[in-house]
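Dear colleague,

I am handing over the structure below, and I would be glad if you could look through it alongside the notes that come after it.

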Amino acid sequence: MKHLLKIADLSESEIIDILNLADQLKYEKKHGIPHRHLEGKTLGMIFQKSSTRTRVSFEVGMCELGGNAVVLSVGELQMGRGEPIQDTARVLSRYLDGIMIRTYDQKDLEDLVQYGSIPIINGLTDYAHPCQVLADLMTIREYKDSFKGLKVGFIGDGFNMANSLAFGCVKVGSQFVLASPKEYQIKDDVLEQLKPYGDLFSMTEDVMEAAKDADVLITDVWASLGQESETQKRRVAFKGYQINDDVLAAAKPDVMIQHCLPAHREEEITTKIFEDHAAEIFDEAENRIHAQKAVLVKLLGKKAE
C-alpha cells in the first residue's frame, strides 16, 4: 500500500490491517498512551472543497502522531493561477512527506501519484470517499463485532459514498444493497468492477428492499458538495428515500444507523431517528480521526509497507 486513492484498491487484509491499527491507536489515545509514529513528518492538505471533519481530524491526527499538517487551499496555491498539477506534485514532493487532497476529479489524485514521489491520500472526490468508509467499517465492527453475514442498506445517491461503501462492505464479506432513484444509481463502470462480488451487491429503487432485515442502515445528503445547483431537482427525485419510522421497522430490531454528516434532518433522515441513533453517528464521526491516523502511519510511518 503506497497510496489511498479508493477502497477498491485495497484487499480485505489491507482493510482489516488498517482497522486493527485504528483500534489500537484509539485505545492508546483513550488511555493516554503516546503514539508519536510520525515525529518530523509533514502532511500537506489541499482543499478544493469545504470541510469540517476531514480538515480537523487530519490536522489533529498528525499532531497526535507527532507530525505537522500544512493546509493548502487551491486559491492560495499556484494551481489556482493555472499551474499544472503535475508541477505542483513535483514541487510539493520535495517539501512534504505526504499529501491529502479533497477535490472534485479523481484524476487529480492519479496525476499527483504519477508525477509526485510521496504518498497521496484521497480526502474525498466525486468518485470516492475511502477515509469516511474506513471510519464507517470501524464503527460497524465496534457495534456488530464482525462483518460476515451482515446486511448493509444504503438509502440515497449512488455517488462517492455509495461507490466506496459498496466496495468496503463486499470486500469484508457484508451484503450491500443500494436503494436510490433509477437515474441516481451507481454508474456502469463501477458496477463492472463489482461484478466479481456476485450476490453481495445489489441495487434497487425500493427503499424497503434495502431496509428489510438490515443490520446497518446508512444514508447521505441528497445534494452533495458541488451539486448545490441541483438541490430542488434532487428534493423531488429523492422524495421518499428517507430513513424514517416505517423504514426502520423493516430492519432488524438492533439495526444501527450511520450518516457521514452533515445531515439534513427531515430530508434523508428524520430528526427523531437521527437523535435516537446519535451515539452511533457521532462514534462514526469520531472514528474518522482514528482510521485516518492508521492510514497515515501505514503510509508515512515506520510501519509503512
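This is a predicted model: local features need pLDDT of at least 70, side-chain atom pairs count only at pLDDT 80 or more; totals for chains, interfaces and linings use all residues.

The largest nonpolar core has 56 residues, and within it Leu 134 and Phe 176 are the residues that touch the most other members. Leaving aside residues up to four places away in sequence, Leu 134 is in contact with Leu 4, Ile 7, Ile 15, Ile 18 and Leu 19, and also with Ala 291 and Val 295. Another core, of 24 residues, lies apart from the largest one, and its members include Ala 211, Ala 214, Tyr 241 and Ile 243.

Helix H6 covers residues 160-171, and because its twelve residues at 1.5 Å a residue should span 16 Å, the 17 Å between its end C-alpha atoms agrees with expectation. Twelve of the twelve residues of H6 are buried, so this helix is largely enclosed by the rest of the structure; the buried residues include Asn 160, Asn 163 and Lys 171 as well as Leu 165, Phe 167 and Val 170. Just after H6, Gly 173 adopts a positive phi of about 95 degrees.

On the H3 side, Ile 85, Gln 86, Ala 89 and Arg 90 meet Asp 108, Asp 111, Leu 112 and Tyr 115 of H4.

With best wishes

Notes: Residues are numbered from 1 along each chain as its sequence is written. Side-chain values use heavy atoms; hydrogens and water are left out. A nonpolar core is a set of buried Ala, Val, Leu, Ile, Met, Phe, Trp, Tyr and Cys residues joined through side-chain atoms within 4.5 Å. Buried means under 20% relative accessible area, exposed over 50%, partly exposed in between (1.4 Å probe, protein chains only). Contact means heavy atoms within 4.5 Å. Helices (H or I, at least four residues) and strands (E, at least two) are DSSP runs, numbered from the N terminus. The expected span of a helix is 1.5 Å times one less than its number of residues.
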